[in-house]
Amino acid sequence: MAKLITLFLLQLFLLCFLPRSNAVYDVLNFGAKADGKTDSAQAFLKAWTAACGSSSPATLYVPAGSFLLSQATFNGPCKNTAIKFSIHGKIAAPSNYRKLGASGKWITFDDVDGVTISGGELDGRGADLWTCKLDGRSCPTGATSLTFSNSKNIVIDGLASINSELYHIVILGCQGVRVQGVYITAAGNSPNTDGIHVQMSTGVSIVQATIKTGDDCISIGPGTSNLWIERVFCGPGHGISIGSLGKEGQGLEEEGVENVTVKSAVFTGTQNGFRIKTWATNVRGYVKGVVFSDASMRNVQNPIIIDQSYCPGNKNCPDQNSRVGISHVKYKNIRGTSATKDAVNFDCSPSNPCNGIRLKNIKLTYQNEQAKSKCKHAYGIATGSVIPPSCL
């Protein structure tokens with residue numbers, strides 16, 4: 001009897017405490033070709049179906065080489081919550097942007113739990129579409145390179161994304177996402193190539209990212225809460241932006257943005273540093289509980305800016321007052337150089353002023369002379385050494 005009990009306990013230990021086997025699904029075994037010419041979308045989807053259907057942790061393995069992928073949507077839910085998308089080569093979009101650009105998305109994960117993307121490179125091959133747009137020709141909107149939607153417990157680790165047609169990475173309607181060690185690049189004049197866009201998501205962290213692009217390095221849309229951003233190197237690009245908010249509809253309620261922390265960021269030659277932007281419409285919303293800290297600005301046009309009359313191109317601009325309330329925003333330990341004399345610019349709504357703005361230990365200079373601060377309908381306090389002198 002004692003031996004039976006011992007054997008039973010040993011089997012129980014093995015079942016409960018030893019790691020489960022990890023099933024590996026190599027895309028080559030499903031028909032993918034690493035020649036950069038053969039569309040491997042169906043092979044990738046078949047490998048995903050196998051990994052998603054596995055009851056034990058699974059790895060979808062993309063070996064070295066170049067894989068052409070027309071478009072792929074990896075749907076859940078899956079039977080397990082530990083799928084690793086291990087990329088050792090490059091995944092490239094089609095050279096003809098027309099069809100993919102009209103679809104809006106290139107690689108999408110929807111309704112998944114516990115997916116990790118590790119390593120590799122995504123090449124959106126967006127240069128021809130950028131040229132089309134810059135020439136003013138009739139062009140599709142473009143496709144986001146990588147989208148996670150309605151998902152949770154996601155990790156994106158060590159991924160490189162280059163030359164996206166549109167946004168590089170979008171996190172939409174997700175919970176618990178960590179983006180770390182990513183490298184994102186596109187030409188400085190590439191339109192709408194935001195590096196990372198977060199919207200309608202909570203519990204997202206972005207750590208140790210290098211982002212060089214033609215639009216916002218990181219953009220934060222409505223419905224975002226509990227966002228942590230740390231050690232981001234930004235430039236060229238339009239900086240780290242909350243917004244734009246309040247654009248859609250009239251007299252509507254938009255989800256707010258709250259509990260956002262951005263620390264230890266470096267901006268080099270960017271249009272903006274820390275920006276909050278809202279349209280002057282009747283759409284109600286809010287931004288609150290934001291901390292921007294420990295940043296270095298190097299020749300940045302607008303190091304600190306709140307723009308509540310945002311309207312790029314100044315065409316068909318709404319002639320109202322923004323109803324997005326901005327409050328409890330803290331700027332501390334921010335140093336460097338401004339490319340314009342107005343290093344701090346708080347242009348807030350006349351009918352809905354900014355409240356609870358705090359400046360602490362700021363030193364921003366302009367061409368070795370004192371820069372300026374501008375305030376409209378902005379209220380708060382400044383402590384410590386604040387250069388240029390606060391206008392709050």
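A polar contact is a pair of N or O atoms within 3.5 Å; within protein, one must be able to donate a hydrogen and the other to accept it, and residues adjacent in sequence count only if both atoms are side-chain atoms. The model is predicted: local features need pLDDT of at least 70, side-chain atom pairs count only at pLDDT 80 or more, and totals for chains, interfaces and linings use all residues. Residues are numbered from 1 along each chain as its sequence is written, and side-chain values use heavy atoms, leaving out hydrogens and water.

UniProt, in an unreviewed entry, places the feature "active site" at His-238. Such annotations may be inferred rather than shown by experiment; feature names are shortened, and positions follow the numbering used here. His-238 sits in the loop between strand 20 (225-234) and strand 21 (240-245). Strands (E, at least two residues) and helices (H or I, at least four) are DSSP runs, numbered from the N terminus. His-238 is partly exposed, at a relative accessible area of 21%. Buried means under 20%, exposed over 50%, and partly exposed in between (1.4 Å probe, protein chains only). A polar atom of the His-238 side chain lies 3.3 Å from the backbone oxygen of Gly-214.

Helix 4 (residues 127-134) has Leu-129, Trp-130 and Cys-132 as its buried residues. Seen down the helix axis, these fall within an arc of 160 degrees, so they line one face of helix 4. The arc is that of the directions from the axis to the C-beta atoms. Helix 3 (97-103) is included in what covers them, contact meaning heavy atoms within 4.5 Å. Gly-136 follows helix 4, with a positive phi near 75 degrees.
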